[in-house]
Structures are given as structure tokens and as C-alpha cells.
Amino acid sequence: MAVIPVALAGRAYEVRVGSGLLADLPAQCGPLLRKERVPIVTDANVARHWQEPVAQALLAAGHEPRWLVLDPGEGAKTWQGLERVTDWLLAEEVERGDHIVALGGGVIGDLTGFAASVLKRGCGFIQLPTTLLAQVDSSVGGKTAINTAAGKNLIGAFHQPALVLADLDALTTLPKREMRAGYAEVIKYGTLGDAEFFAWCEEHGAEMLAGDRVRQERAVTASVEAKARIVAEDERETTGKRALLNLGHTFGHALEAETGFSDRLLHGEAVALGMVLAARYSARRGYISDADAERVASAIAASGLPSEIAALGLDADGKALAAHMLHDKKMDAGTLPFVLLAAIGQAFLDKDVSLDDVARFLDEEL
Ligand code: NAD
Ligand code: ZN
């Protein structure tokens, strides 16, 4: 097991990465778990595989697990979903000093974390991330949120968990496509800040996706360390450092919006394509070589993630795609801030990218 400390100004917590953590839940959590009525929020897909073993572990240690099992999918991250969770927690008589357990992917983590942030003006919570994306990204850093008609993640809070247990066993039941989607965020950490880790992904990514535990532990640990480092430097996204985590996300967001945030393109798949575009656009601007841009594209393609937007068969031109980027960003005289590459392993925030130029570039890629 690897233990990564997340050190923030006000408080610190641990992210533990390894096998057998869910089966060992009571010992891992110690006094964080109350004896009676341990509140656990999950979704039906996760429950199918993990409710029984988690319940057994808790019962064996004398705890009484209580479950709220939601429908899977992004649809849970709504005002109604939040009301459902908070009403249930109140009925379970959760107090401010208690810890709510979030067992699931980023949807369950974001929703439960936000519920914890507002319940009784803020109570504790424990993240048990069960997707690769949640283990390497959403469970760490304290961003919690729900979606509204105006967009994704616009209502939320910074609320750090008390503990994160990333159990690699959970990945054994995760659909392969979801696994690959999470892997896009893993490659992202190498591409944005660690050339050596990027090279490791090129060499060992396929083994880790195929289920190699040693490689998985390394991939998750390196990713969490990278995110923890960045979040510790810029907890509330004020200095611009945390923005580097958005590498591939501005292009990716445009593709997600164009495909209606549907199963046609998962978030991680959009980010994978977005990173290829960010790398190629960086080459176009003369920041990196074409060869380096294609190295990013090859690493992504080799893992089975999409790497060419032309293959999506989109019914939009560059201008229409670029227009989607305006929704979540401030437009200042036709320019947008973009995370670009000065080298593989060295991302930077270019605050002054011309949207027209991006549209022309996209037309060539489409
Ligand atoms: P998800 O939670 O919807 O999980 C993906 C799918 O896998 C779901 O169908 C789920 O039921 C299923 N699943 C989860 N674990 C499983 C397991 N072990 N075995 C079998 N099936 C399993 O999606 P996600 O990709 O984990 O997270 C996406 C969400 O995370 C989005 O809402 C996004 O906004 C959010 N997010 C938040 C942050 C943050 O910093 N808070 C960062 C990135 C993403
Ligand atoms: Zn992402």
C-alpha cells in the first residue's frame, strides 16, 4: 500500500492506494466511522459488486452499515439528487462530527461530498473511489459539485475528505471503457508536469490497463501525488497553478458539448482527444515540435483511447466547436486562456489564445 499525504493550509489527509482496502474498511477508517448506522452512499452498479463485501467487513467489526443506493449516472448530480441524499442523511441522524462514506465514481463522490459540505453546515466524509478516474482525480482535491441547467459543476463547494481509500480491487469490476477513460487523466499528469512519468505510461500503460496490480499502484500513486502537489500549491484555484490540471479540458469540453455530454464520448475520451489537440496546437504555435505532439497522440492511441477528432464524424466546423469553449470561460476580446505545452512534461497557461486561430486549427483537424 502507498500512502500519499495531502497537505493543505488548514488540514491534511491521507490518500491510501492498494489492494484489499475495502475489505479492511473498519481498520482503515478507525474512529472516523461511527459504530451505529454508518451512512454509505453508492450507486446501483457499484452496489452490485461491492455492497456485500463492504457490508460484511463492517458487520464483522460490529458496525451497522446503512445504504443509500442511487441510480447510476450523471443524472444523480442534481438538486433533486442532493435533496435525496441530505434528507436521507438527516433521517439517519448524521451529526456534524460524523463521517459520510462515498462509495463509487466521481458522480457519487462529487454529490456526497457536496451533501457533506452543507449538512449541518459541514460534516465529515470519506472517499472510497471505485473508478480509475475517481481514484486519480475526483476524490482528491476537495472539489464537490452538482450540475444545473446552466452547466456542469456550477453549484458546489471546496470540501476536503477526511480520508481517501483507493482500492485497486474495485478496478477489477470496472468496465474496460471506463478504465481507459480514467487512464486519460493518468497520461495527463505525465504530459502536464512529469516527462519521466509520461515515458513510463508509454512503456507500461497497456500492462496497467490489462490489470497489472504493480503498474496500477504506480499509476494511481503517481497521479495522486501529482494532483496533491498542485492542489497544495493552489487549493482554491486562485494562482493559476491548479488550472494546469485542465490540460486537454478546453478542447475536450467543446467535444463533450458537441456530442451532448452523452455516452458517445465519455469525459476521459474527450480529454484524451483534447490533449492531442492541445499538443498539436502547441506545435502549431511553435512551442513544441511536431514530433512531440505526435508522441502524445501515439501514447493516447496506443491505450485504445480516441486520438483523432476526424474519426468522430462530427457535424460541426471549427467555429462551432470553438463557440462551445466560451460557455465555461471568460472571453476577453476574442481570446481565451488555454493550457498548452512548452515541452512534454511542462504545461503552461497561455492567457491569450485567439479563438479565431483555434477555430482555423480545428477546421484542419476535422
Ligand atoms: P461515474 O461515477 O458515473 O462512474 C462511471 C460508471 O462506472 C458508472 O456507471 C458507475 O456506476 C460505474 N462504476 C463505478 N465504479 C464501478 C466499479 N468499481 N465496478 C463497476 N462499475 C462501476 O463517473 P466517473 O468517471 O467516475 O466520474 C465522473 C464525474 O466526476 C463527473 O461528474 C465529473 O464532473 C466528476 N469529476 C470531478 C472532479 C473533481 O475534482 N471533483 C474531477 C474530475 C471529474
Ligand atoms: Zn477531467
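With 13 C-beta neighbours inside 10 Å, arginine 264 counts as partly exposed, and this residue is found in the loop between helix H9 (249-258) and helix H10. In the predicted model described here, the C-alpha atom of arginine 264 is separated by 43 Å from that of alanine 61, a residue 203 places away along the chain. The mean pLDDT of the protein chain is 95, with 98% of its residues reaching 70 or more, and for the complex the predictor gives an ipTM of 0.99 together with a pTM of 0.97.

Just after H9, glycine 260 takes a positive phi of about 70°.

The protein chain is divided into two parts, domain 1 (2-173) and domain 2 (176-365), and the centres of these domains, taken over C-alpha atoms, are separated by 27 Å. The contact between them takes 23 residues from domain 1 and 24 residues from domain 2. On the side of domain 1 that touches domain 2, at least two residues each are supplied by strand S1 (2-7), strand S2 (12-18), H5 and S8, and the largest share, five residues, comes from H5. By residue class, this side of domain 1 divides into 16 nonpolar residues, six polar residues and one charged residue.

The largest nonpolar core holds 111 residues, of which Ile100, Ala102, Leu103, Met275 and Ala278 touch the most other members. Helix H10 (residues 267-284) gives the most to this core, with ten residues. Because domain 1 (2-173) and domain 2 (176-365) both give residues to the core, it lies between them. When neighbours within four places in sequence are left aside, alanine 278 is in contact with Leu247, Gly248, Phe251, Val339, Leu340 and Leu341.

Asparagine 153, which is found in strand S8, has a phi near 60°, a positive value in a residue other than glycine. This asparagine is partly exposed, with 15 other C-beta atoms within 10 Å. A positive phi, near 50°, is also given for arginine 37, again a residue other than glycine. Arginine 37 lies in the loop between helix H1 (25-29) and strand S3 (38-43), and with 13 C-beta neighbours inside 10 Å it counts as partly exposed.

Alanine 166, by contrast, is buried, with 30 other C-beta atoms within 10 Å, and it lies in strand S9 (residues 163-167). Not counting residues up to four places away in sequence, alanine 166 touches Val15, Arg16, Val17, Pro129, Gln135 and Val220. Between the C-alpha atoms of alanine 166 and phenylalanine 361, which are 195 residues apart along the chain, the separation is 39 Å.

How values were computed. Residues numbered from 1 in each chain as written. Chains lettered and ligands numbered in written order. Predicted model: local features only at pLDDT ≥ 70, side-chain atom pairs only at ≥ 80, totals over all residues. Core = buried A, V, L, I, M, F, W, Y, C linked by C-beta atoms within 7 Å. Buried ≥ 20, exposed ≤ 12 C-beta atoms within 10 Å, placed from the backbone. Helix = DSSP H or I, 4+ residues; strand = E, 2+ residues; numbered from the N terminus. Domains from an automatic or database assignment. Contact = placed C-beta atoms within 7 Å. pLDDT = per-residue confidence, 0-100. Nonpolar A, V, L, I, M, F, W, Y, C, P; charged D, E, K, R; others polar.
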